[in-house]
Amino acid sequence: MTEYSNNAIPLEGTGAATTDPYSRGNAARNKEDASLNSREDVLSRMRTAQSITMSPELFEKLYLSPERAVKGNLRQTFANPTPLAILSHAVCACPLGCDLLGLRGSGQFGAASIGAYVFIGGLLLIISGIFEFFLGNTFSFVVFCSFGGFWLSFAGTLIPSFNSVGAYSPTGDSQVLGISTRAFQASFAFYLCFWALLVLVLTICSLRTNIAFFLLFVCLEATFLCLTVAYFTLAEGKYALGQNIVKAGGGCLLTCGLVGFYIFIVLMLVAVDFPFLLPVGDLSHLMKGYQQKHGPIKVH
């Protein structure tokens, strides 16, 4: 039998329910307060998880660019566009490298992949670059948009309706005859030469990122140099030597694409918080930036 105190509350150790309405109200309020506290704890943990400060090494691994202070929290709002850009370049570079090597009978400057050059190499790279622009990643923005333009321009050279190659033929409209003319080969070599100059600048800048990204640019630089020399050689009529150098450029481009796939895998493992990560060889801590040494740049 349950014993009650004077205010009808069960004595300690008894199992009967409380009959005092004030006690019932207090219990309800305590339960509601506990629920609110629990929700606040959850929200607090969510806010904490969203506002984690990344180390410079992790930031550089995610965005392939040294961390720089930008206003706002767009990096915590939008997805990271860098993996899409790297994948776009790798998916186009590897097949073209195989074509330049002539593997299993492939060739014709990779004309079979024109659609990929336009919609994957061109379109997706430019979209990724625009998102990098809004995230404040200047280096990635320049790299992705410029190479998006390269793949679009390269596709345009191969598209017959553009008549980029056919204009050099005696008839003015033959792709087959135009591509073998000295004028086209020398002109195309100059185009590749100045891309080699641009990539050299980007290669130097990539020393502030990581070994994998730096190696990608080294392979790209070797590709453009080889193809530049190859087409100048072809323009001089040295066909056999020129084709061998083209194959060397194809090998460099294929290596570049494979390095790109490795970087893509690294970025995706980070994106899904995989139990283990692959190394990229951070370089940002080896070469301190100007602002790290001297403070913010003053504009006079």
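This is a predicted model: local features need pLDDT of at least 70, side-chain atom pairs count only at pLDDT 80 or more; totals for chains, interfaces and linings use all residues.

Reader: Thank you. How many helices and strands are there in the chain?

Author: The chain has 11 helices and 0 strands.

Reader: And how much of the chain is buried?

Author: Of its 300 residues, 37% count as buried. The chain exposes about 17300 Å², and 65% of that comes from carbon and sulfur atoms.

Reader: What share of the contacts join residues at least 24 apart?

Author: Taking contacts between residues at least 6 apart in sequence, 62% join residues at least 24 apart.

Reader: Let us turn to the rings. How many aromatic pairs does the structure hold?

Author: The structure holds 22 aromatic pairs. One of them joins Phe 147 and Phe 150, with ring centres 6.4 Å apart. Their planes stand at 70 degrees; planes over 60 degrees apart count as edge-to-face, so this pair is edge-to-face.

Reader: Where do Phe 147 and Phe 150 lie?

Author: Both belong to helix α6, which covers residues 138-158. Because they are 3 residues apart there, about one helical turn separates them.

Reader: What about Phe 190 and Phe 232?

Author: Phe 190 and Phe 232 also form an edge-to-face aromatic pair, 5.0 Å centre to centre with 85 degrees between the planes. Phe 190 sits in helix α8 (residues 182-205) and Phe 232 in helix α9 (residues 211-235), so the pair ties together parts that are 42 residues apart in sequence.

Reader: And how accessible are Phe 190 and Phe 232?

Author: Phe 190 is partly exposed, with a relative accessible area of 46%. Phe 232 counts as partly exposed as well, at 28% relative accessibility.

Reader: Which residues form the aromatic cluster?

Author: Phe 147 and Phe 150 are among them, and others include Tyr 117, Trp 151, Trp 195 and Tyr 231.

Reader: A change of topic: how many salt bridges does the structure hold?

Author: The structure holds 1 salt bridge. In it, the side chains of Lys 238 and Glu 236 meet at 3.7 Å, N to O.

Reader: How accessible are Lys 238 and Glu 236?

Author: Lys 238 is partly exposed, with a relative accessible area of 44%, whereas Glu 236 is exposed at 53%.

Terms used:
Residues are numbered from 1 along each chain as its sequence is written. Side-chain values use heavy atoms; hydrogens and water are left out. Helices (H or I, at least four residues) and strands (E, at least two) are DSSP runs, numbered from the N terminus. Buried means under 20% relative accessible area, exposed over 50%, partly exposed in between (1.4 Å probe, protein chains only). Contact means heavy atoms within 4.5 Å. Accessible areas come from the Shrake-Rupley method with a 1.4 Å probe; for residues, only the protein chains shown count as cover. Rings of Phe, Tyr and Trp (its six-membered ring) pair if their centres lie within 6.5 Å; planes under 30 degrees apart count as stacked, over 60 as edge-to-face and the rest as tilted. A salt bridge is a side-chain nitrogen of Lys or Arg within 4 Å of a carboxyl oxygen of Asp or Glu.
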